[in-house]
Amino acid sequence: MPPEQIMEELHELGFQPQTCHVMMNKKTNHPMPLFLTTLAKKLSTRISLTSLSSVLLKPKKEDKKKQATKERLKLRNTLREKRDSRTGPSMARPNIYTAPASYAEAAKSSPATASPTQAPGSISDTFAQLKDPECVQILKKYIALSKSGNSTADRFTKIMAFLEIDNIQ
C-alpha cells in the first residue's frame, strides 16, 4: 500500500496526516511493511490505542499502576473482611489486665478486672506495678540468677524454681 493511499484513508477517518514514510531496514536498506505517519498536533487527535490490527500494544505505566492499586485495595478489603468474620465476640481477647501479687498467685487465680479509669496495658500502669517493693525484689533476684556464672541450663532451672514453675508443657 503506497503512503499516499494511507494518508487518504486516514483523512477519510477524520485525521489530518502531515507526512507518511515507508520505514527502511537499517541493515539491508530494503523497505519494511511499516509506515511512519505524522499527524497534526491537536488535542482532538490524541487517542489511546491498546491494540492495532492483531498486534497488542503495551498499556501505559499509569494504567498498570492504577490497575495494581485497585487489585491491592480489593485484596486488602477481602482480607480485612475475612479477619473481621473470624474475630467475632467469642474470639475476641479480654481487655482486662492486672498484675498478680506474686507469680504463684498468678498461676492459681483467674484474671481480675482492671481499674476503669486507666486503659488496660497503659505505660503508667506498668510503671506503677514496677514500683511495688515485691516486684523490685523479684526483678533483683531474677537479674542475680541470670548474671550468675552458672551454665545456661542451671540458670534456667534456678529461674524456673524461683518463679515456682514446675514443668513446661
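Guide: This is a predicted model. A place to start is Pro17, which lies in strand E1.

Visitor: Is Pro17 buried or exposed?

Guide: Pro17 is buried, since its relative accessible area is 16% and the cut-off for buried is under 20%.

Visitor: How far is Pro17 from Thr38, C-alpha to C-alpha?

Guide: Their C-alpha atoms are separated by 5.8 Å, while the two residues are 21 apart along the chain.

Visitor: What lies between strand E1 and strand E2?

Guide: A loop, and Asn29 has its place there, with E1 covering 17-24 and E2 covering 31-39. Asn29 is not a glycine, yet it has a positive phi of about 60°.

Visitor: Let me step back. How many helices and strands does the protein have?

Guide: Six helices and four strands. Along the sequence the pattern reads α-β-β-β-β-α-α-α-α-α.

Visitor: What share of the residues counts as buried?

Guide: The protein has 169 residues, and 9% of them count as buried.

Visitor: On to helix H1. Which residues are buried there?

Guide: Pro3, Ile6 and Leu10 are buried in H1. Viewed down the helix axis, the buried residues of H1 fall within an arc of 60°, so they line one face.

Visitor: Why would residues a few places apart point the same way?

Guide: An α-helix has 3.6 residues a turn, so residues three or four places apart point the same way.

Visitor: What is on the face of H1 turned away from the buried side?

Guide: That face carries the exposed residues Glu4, Glu8, His11 and Glu12.

Visitor: Which residues form the negative surface patch?

Guide: Glu4, Glu8, Glu9 and Glu12 form it. Glu12 is found in H1, which covers residues 3-12, and Glu12 counts as exposed at 68% relative accessibility.

Visitor: Which residues form the nonpolar patch on the surface?

Guide: Ile123, Phe127, Leu130, Leu139, Tyr142 and Ile143, with about 570 Å² of accessible area together. Helix H4 (123-130) and helix H5 (133-147) are the elements that give two or more residues to that patch.

Visitor: Where is Leu139, and how accessible is it?

Guide: Leu139 lies in helix H5. Leu139 is partly exposed, with a relative accessible area of 39%.

Visitor: Changing topic again: how many salt bridges does the structure hold?

Guide: One. Asp84 forms a salt bridge with Arg83, and their closest N and O atoms are 3.9 Å apart.

Visitor: How accessible are Asp84 and Arg83?

Guide: Asp84 counts as partly exposed at 46% relative accessibility. Arg83 is also partly exposed, with a relative accessible area of 43%.

Visitor: Last one, Ile159. Where does it lie?

Guide: Ile159 lies in helix H6, residues 152-162. Ile159 is buried, with a relative accessible area of 14%.

Visitor: How far apart are Ile159 and Ser146 in space?

Guide: They are 7.8 Å apart, C-alpha to C-alpha, and 13 residues apart in sequence.

Note on methods: Residues are numbered from 1 along each chain as its sequence is written. This is a predicted model: local features need pLDDT of at least 70, side-chain atom pairs count only at pLDDT 80 or more; totals for chains, interfaces and linings use all residues. Side-chain values use heavy atoms; hydrogens and water are left out. Patches are made of residues with over 30% relative accessible area and no salt bridge: like charges are joined within 9 Å, nonpolar side chains (Val, Leu, Ile, Met, Phe, Trp, Tyr) within 5 Å. Accessible areas come from the Shrake-Rupley method with a 1.4 Å probe; for residues, only the protein chains shown count as cover. A salt bridge is a side-chain nitrogen of Lys or Arg within 4 Å of a carboxyl oxygen of Asp or Glu. Buried means under 20% relative accessible area, exposed over 50%, partly exposed in between (1.4 Å probe, protein chains only). Lys and Arg count as positive and Asp and Glu as negative; His and the chain ends are not counted. The place of a charge is taken as NZ of Lys, CZ of Arg, CG of Asp or CD of Glu. The arc is that of the directions from the helix axis to the C-beta atoms.
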